[in-house]
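Me: I have a structure open and would like to go through it with you. Could we begin with the backbone and then turn to the packing?

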Amino acid sequence: MGLIGKLAIVTGAGSGIGRATCRLLARDGAKVIAADRNMKSAEQTVNEIACDNVIPLKLDVSSLASVSKSVTFSIEHFMQPPSIVINSAGITRDGYLLKLTEKDYDEVYEVNLKGTFLMTQQFARAMIEHQIRNGTIINLSSIVARMNNPGQANYAATKAGVISLSEIAAKEFGKFGIRVNAILPGFINTPMVDSVPEKIKTDILQRCPMGRLGRPEEIANVIAFLASEKSSYVNGAAIPVTGGL
Ligand code: NAP
């Protein structure tokens with residue numbers, strides 16, 4: 001119950017890690033805005049958690065207008081911006097470099113890196129304006145940013161960008177009492193991984209010392225730690241959660 005009285009916003013809340021995160025933050029007592037570009041899946045998250053503390057919101061992280069609308073919504077609805085921001089919205093459009101289309105490159109960039117930038121900038125600004133002195137922003141990168149798998153140039157580049165963005169934000173916002181950290185999940189059993197070919201999944205499982213995919217809750221637990229005061233001196237970190245992959 002370490003998050004009682006806190007307000008959080010979680011993007012990509014309609015699926016996988018975002019949904020598991022909403023559940024854990026609500027369990028720990030936070031009020032949670034479950035935001036996704038797909039309102040139906042955000043509502044499904046809220047219905048599954050069945051707790052008055054969680055409300056759905058339609059939000060497209062790649063649009064400045066949509067992100068700034070969500071800042072306004074939180075202030076109008078809760079009289080303050082969230083002090084906890086979790087950027088879990090993300091997409092893949094895999095393809096080998098010589099075949100990668102401009103569209104697939106742009107879409108991944110718009111959501112994964114530009115979306116994380118817009119959320120970080122707009123919500124940090126609101127926290128500073130409302131003199132919130134214990135803000136925490138948690139960005140979902142990926143271990144792929146370090147492994148650099150062939151066929152994932154667009155995805156890996158954006159996730160490496162998320163680490164740099166988070167480290168720089170940590171340096172710039174520390175003086176305002178806002179911490180910024182990145183998590184690098186390994187292969188986690190969510191709809192995102194459903195699209196990975198079986199042969200590649202088998203190879204990953206063989207290389208993973210724990211011999212299994214991670215569960216969304218196993219990432220959400222680390223997010224809940226970074227959201228709480230238990231991590232009060234963790235800032236600018238990029239934490240792998242991979243089962244040792
Ligand atoms: P997921 O199950 O596919 O969930 C991602 C959610 O984000 C979906 O509901 C998706 O909606 C939503 N979304 C996509 N674009 C959006 C936008 N522009 N605005 C708002 N919401 C948007 O993925 P996940 O596995 O939970 O992944 C969560 C994060 O962890 C991602 O950033 C991912 O890159 C990262 N990650 C995942 C893994 C893994 O193995 N699962 C590993 C490393 C890193 P749609 O369904 O409409 O696209």
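Me: Is A50 buried or exposed?

Reply: A50 is exposed, with a relative accessible area of 66%. Buried means under 20% relative accessible area, exposed over 50%, and partly exposed in between, with a 1.4 Å probe and protein chains only. Please note that this is a predicted model, in which local features need pLDDT of at least 70 and side-chain atom pairs count only at pLDDT 80 or more, while totals for chains, interfaces and linings use all residues. Residues are numbered from 1 along each chain as its sequence is written, and side-chain values use heavy atoms, with hydrogens and water left out.

Me: Where does A50 lie?

Reply: A50 lies in the loop between α2 (39-49) and β3 (54-58). Helices (H or I, at least four residues) and strands (E, at least two) are DSSP runs, numbered from the N terminus. A50 is not a glycine, yet it has a positive phi of about 50°. Most residues other than glycine have a negative phi.

Me: And what is the phi of N148?

Reply: N148, also not a glycine, has a positive phi of about 50°. N148 is located in the loop between α5 (144-147) and α6, and counts as partly exposed at 49% relative accessibility.

Me: Changing topic: in which strand is L7 found?

Reply: L7 is found in strand β1 and is buried, with a relative accessible area of 3%. Leaving aside neighbours within four places in sequence, L7 is in contact (heavy atoms within 4.5 Å) with residues including K31, I33, S74, F78 and I84.

Me: How far apart are L7 and V32?

Reply: L7 and V32 are 25 residues apart in sequence and 6.0 Å apart in space, C-alpha to C-alpha.

Me: Which residues have the most contacts inside the largest nonpolar core?

Reply: I9 and M119 do, and that core has 28 residues. A nonpolar core is a set of buried Ala, Val, Leu, Ile, Met, Phe, Trp, Tyr and Cys residues joined through side-chain atoms within 4.5 Å. The elements that each supply at least two residues are β1 (7-11), β2 (31-36), α3, α4, α6 (153-173) and β6 (178-185). α4 gives the most, with eight residues. A second, separate core of 27 residues includes I84, I86, I223 and V241.

Me: What does I9 touch?

Reply: Not counting residues up to four places away in sequence, I9 touches I33, A35, L57, L59, S70, P82, I84, V85, I86, M119 and F123.

Me: At what angle do α3 and α4 pack?

Reply: Helix α3 (residues 64-78) and helix α4 (residues 102-129) pack at about 30°, with their axes 10 Å apart. Axes are lines fitted to C-alpha atoms, for helices over the stretch in contact, and angles run from 0 to 180 degrees between N-to-C directions. The two helices are therefore roughly parallel to each other. Angles under 35 degrees count as roughly parallel, over 145 as roughly antiparallel, 65 to 115 as roughly perpendicular and the rest as oblique.

Me: Which residues of α3 and α4 make the contact?

Reply: L64, V67, S68, S70, V71 and S74 of α3 meet L118, M119, Q122, F123 and A126 of α4.

Me: And how do α1 and α9 pack?

Reply: Helix α1 (residues 16-27) and helix α9 (residues 216-227) pack at an angle of about 50°, with their axes 8 Å apart. That makes α1 oblique to α9.
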